Amino acid sequence: MKFVESAKITAAIGKKVFITMFESGRTAAEIVAAEGLGAQVSEASIEQAAKEVIAKNPDNVAKFKSANEGVFKFLSAKS
């Protein structure tokens with residue numbers, strides 16, 4: 001589904017849209033628009049969240065900049 005591939009909707013939402021398409025005969029675009037299922041996360045909001053994490057974790061930022069491998073555990077635990 002093009003909406004999932006382009007990250008306009010998640011895979012889970014894509015499954016729901018597909019079922020609704022089958023049941024209703026409507027297109028994916030109609031369903032996504034009508035039900036407000038499009039991605040609500042903008043690039044700017046992701047950037048702002050990243051800046052906040054960086055600002056709140058100066059020690060881990062310093063470790064990252066010095067290539068300290070322990071910081072990667074911190075980062076992966078946050079995802």
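The legends below describe several views of one predicted model.

Residues are numbered from 1 along each chain as its sequence is written. Because the model is predicted, local features need pLDDT of at least 70 and side-chain atom pairs count only at pLDDT 80 or more, while totals for chains, interfaces and linings use all residues; side-chain values use heavy atoms, with hydrogens and water left out.

View 1. Helices (H or I, at least four residues) and strands (E, at least two) are DSSP runs, numbered from the N terminus. Along the sequence the pattern reads α-α-α-α-α-α. The protein chain has 79 residues, of which 13% count as buried. Buried means under 20% relative accessible area, exposed means over 50%, and partly exposed lies in between (1.4 Å probe, protein chains only). The accessible surface is about 6300 Å², and carbon and sulfur atoms hold 61% of that surface. Such areas come from the Shrake-Rupley method with a 1.4 Å probe; for residues, only the protein chains shown count as cover. Contact means heavy atoms within 4.5 Å. Of the contacts between residues at least 6 apart in sequence, 23% join residues at least 24 apart.

**View 2. Confidence in the protein chain is lowest in helix 1 and highest in helix 2.** The score is pLDDT, the predictor's confidence in each residue, from 0 to 100. Helix 1 (residues 2–5) has a mean of 66, and helix 2 has 86. Over the protein chain the mean is 78, with 80% of residues reaching 70 or more.

**View 3. Helix 2 has a buried side and a face turned away from that side.** Helix 2 covers residues 11–24, which is 14 residues. From its first C-alpha to its last it reaches 20 Å, close to the 20 Å expected at 1.5 Å a residue. The expected span is 1.5 Å times one less than the number of residues. Gly14, Val17 and Thr20 are buried in this helix. These residues lie on the same side of helix 2 because they cover an arc of only 125° around the axis. The arc is that of the directions from the helix axis to the C-beta atoms. An α-helix has 3.6 residues a turn, so residues three or four places apart point the same way. The face turned away from the buried side carries the exposed residues Lys15, Lys16, Phe18, Phe22 and Glu23. Just after helix 2, Gly25 takes a positive phi of about 80°.

**View 4. The largest nonpolar core has five residues: Ile9, Val17, Ala28, Ile31 and Val32.** A nonpolar core is a set of buried Ala, Val, Leu, Ile, Met, Phe, Trp, Tyr and Cys residues joined through side-chain atoms within 4.5 Å. Helix 3 (residues 28–35) gives the most to this core, with three residues.

**View 5. Ile31 of helix 3 and Thr20 of helix 2 are in contact.** Their C-alpha atoms are 7.6 Å apart, although the two residues are 11 apart in sequence. Ile31 is buried, with a relative accessible area of 0%, and Thr20 is buried at 19%. Leaving aside neighbours within four places in sequence, Ile31 is in contact with Val17, Thr20, Met21, Ser24, Arg26 and Leu37. By the same rule, Thr20 is in contact with Gly25, Arg26, Ile31 and Glu35.

**View 6. Gly70 lies in helix 6 (residues 70–77).** Its relative accessibility of 39% counts as partly exposed. Gly70 and Asn60 are 10 residues apart in sequence, and their C-alpha atoms are 8.9 Å apart in space.
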